[in-house]
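Dear colleague,

Please find the structure handed over below.

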Amino acid sequence: MNIEDLTPSERRLWKAFPKGESVDLSAGDPAFDDVGQSDRWGHDRVVRAEVLVALLVGAVEPEPGQVAAVRLTGARVTGSLNLGHAEVTVPLALTACSFDEAPHLYWASMNSVHLMRCRLPGLVASGTRVDGHLWLEGSRISGGLWLDGANITGILNMSGVQLTNPGGDALLADRLAVEANVYCDQGFVANGEVRLPGARIGGQLIFRGARLYNPTGVALYASRLDVAANVFCDGGFAAEGEVRLRGARVGGYLSFVGANLSAPQRTALNADDLAVETDVYCSDGFSSVGAVSFSGARVTGQLSLRGARLRHDDGTALSLQRVQAEELLLRTAEPVQGTTDLSYARINLLRDDAASWPDRLQLDGLQYETLEPPLTARERLAWLRRDSDGYAPQPYERLAQTYRSLGLDADGRSVLLAKARDRRQTQGVPRKIIGWLQDVLVGYGYRPFRAASWLIGLLAFGTIVFSLHKPDVLDDGHKPHFNAFFYTLDLLLPIGSLGQEIEFAPKGVYQWIANLIVAAGLILGLTVAAGATRALSRE
């Protein structure tokens, strides 16, 4: 390119390049210099893209001892900035510039790239390698930002960026690799889908205060995302459309504190099979219209839903199925509107609040070591009976075991008795009758004192009956002394003898009464023994 063919503005840039000096073409009026007003800028602010390309690919040698760079402010760039497959060894820094056409950096090897507060009708950087930072802070990009397969050795800064591509990909960053932090905060707005599937980030991913808008589809698609440190989707983060983090891995903690998600009739947050090395916070003002799912997630620390508001009336509002977590804090600001699925989750410490229990639960297979607060058996049974799937034995057994581990044996027995009673409601009429008799007589074996009461009643009954109707002596030549009390007690005892039963033999209806007392004594005696053994062993 001949320098004589350059405009005055382009010539200034050409001469500044060897020393890396900045060229400012702005008018100094903030209102007029806004990139939204670039159509009103005069020819003195126009720079052709081919001039930038020529400088970046080596048309001018740097001055000895200087770092050459393209540093331009307030220009309108016309034509196509096409650096596809180019090798650029100097920095590119454009500030408050407006592009007539989308720059193409696909599969280029770049030094650091700064496009700050610029307006671009798109940016194609698929497969681009940036040895340094990619700085897009405050820029407005329509038509899509493509970073799929890009590799950035420094920071990717998209703070305050406005991406607009309704119904399409606002950010296409599949398999993006960034060795440091990624910033999408401080007013970051995306109208269209933000895609980060398979991306690898060596530092933190920050969406703090970001607003994503794609109400008919996916607002943030980040399945299989791999972040070495923390992920922040808090500080006013809002998404209209689905947020997908399925199979993602977070090396630090994941924060949705105060976030607002909306995907009515769909899954607002899909974090199935998520792996987090520390904690997950969907708390302190977190709200979701649409389902929240952590099915199969593994959280090394705490999964907190303290102060959250969840609503999905047509189905499961919160799925924690198969979740593994050290602690689950399930103290929502209000009862979850929809089903909460805890089936087959494995939690060390489950902390909840009766005031925020959802109307519908699924608890089959849930494993936990400690409940906080443990509450009484009556209160916890009300929790179990919210299971929308109906009776299942495992939740009762798990709760009873937890009470026993806390030394609350009476509560544990109450739970097991409730289990037997609730099971009876699922059985046929004959079994219901038998079960009812077992319940009335001995409390299914979990109320041994009730069996003792029946024994005392039978003892009193037999004493009265045989006092009025003394049985005949078996051996006429022997005249033993008869005692109605000890005779009845001898009938009731399943083992041993008091010497009365072998001496006397009732006849007729009294023989049937004696046999009934013997049978009842055997059954009730064994029940009392089993209850005593259970109490002594603290099973």
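**Findings**

Phe 486 lies in helix 9, residues 484–492 (helices, H or I, of at least four residues and strands, E, of at least two are DSSP runs, numbered from the N terminus). This is a predicted model, in which local features need pLDDT of at least 70 and side-chain atom pairs count only at pLDDT 80 or more, while totals for chains, interfaces and linings use all residues. Residues are numbered from 1 along each chain as its sequence is written, and side-chain values use heavy atoms, with hydrogens and water left out.

With a relative accessible area of 40%, Phe 486 is partly exposed (buried means under 20%, exposed over 50%, partly exposed in between, with a 1.4 Å probe and protein chains only).

Arg 224, with a phi of about 65 degrees, is in the loop between strand 23 (211–221) and strand 24 (226–227). Gln 265 also has a positive phi of about 65 degrees; this residue belongs to strand 29 (residues 260–270) and is exposed, at a relative accessible area of 56%.

A cis peptide bond, with omega of about -5 degrees, joins Glu 372 and Pro 373. Pro 373 is in the loop between strand 39 (367–372) and helix 4 (377–384). Most residues other than glycine have a negative phi, and most peptide bonds are trans.

The structure also holds three cavities of 30 Å³ or more (on a 1 Å grid over the protein atoms alone, a cavity is a set of points where a 1.4 Å probe fits but cannot get out; a pocket is an open set with protein on both sides within 12 Å along at least five of seven lines; lining residues have an atom within 4 Å of a point). The largest cavity has a volume of about 40 Å³, a volume being the space filled by probe spheres set on the points, which are joined across faces, edges and corners. Its lining includes Leu 330, Asp 352, Trp 357 and Trp 383.

The second largest cavity has a volume of about 40 Å³. Helix 4 and helix 5 (393–405) are the elements that give two or more residues to its lining, and helix 5 provides the largest share, three residues.

Finally, the second largest pocket has a volume of about 150 Å³. Among the residues that line this pocket are Asp 33, Asp 34, Arg 117 and Arg 140.

Yours sincerely
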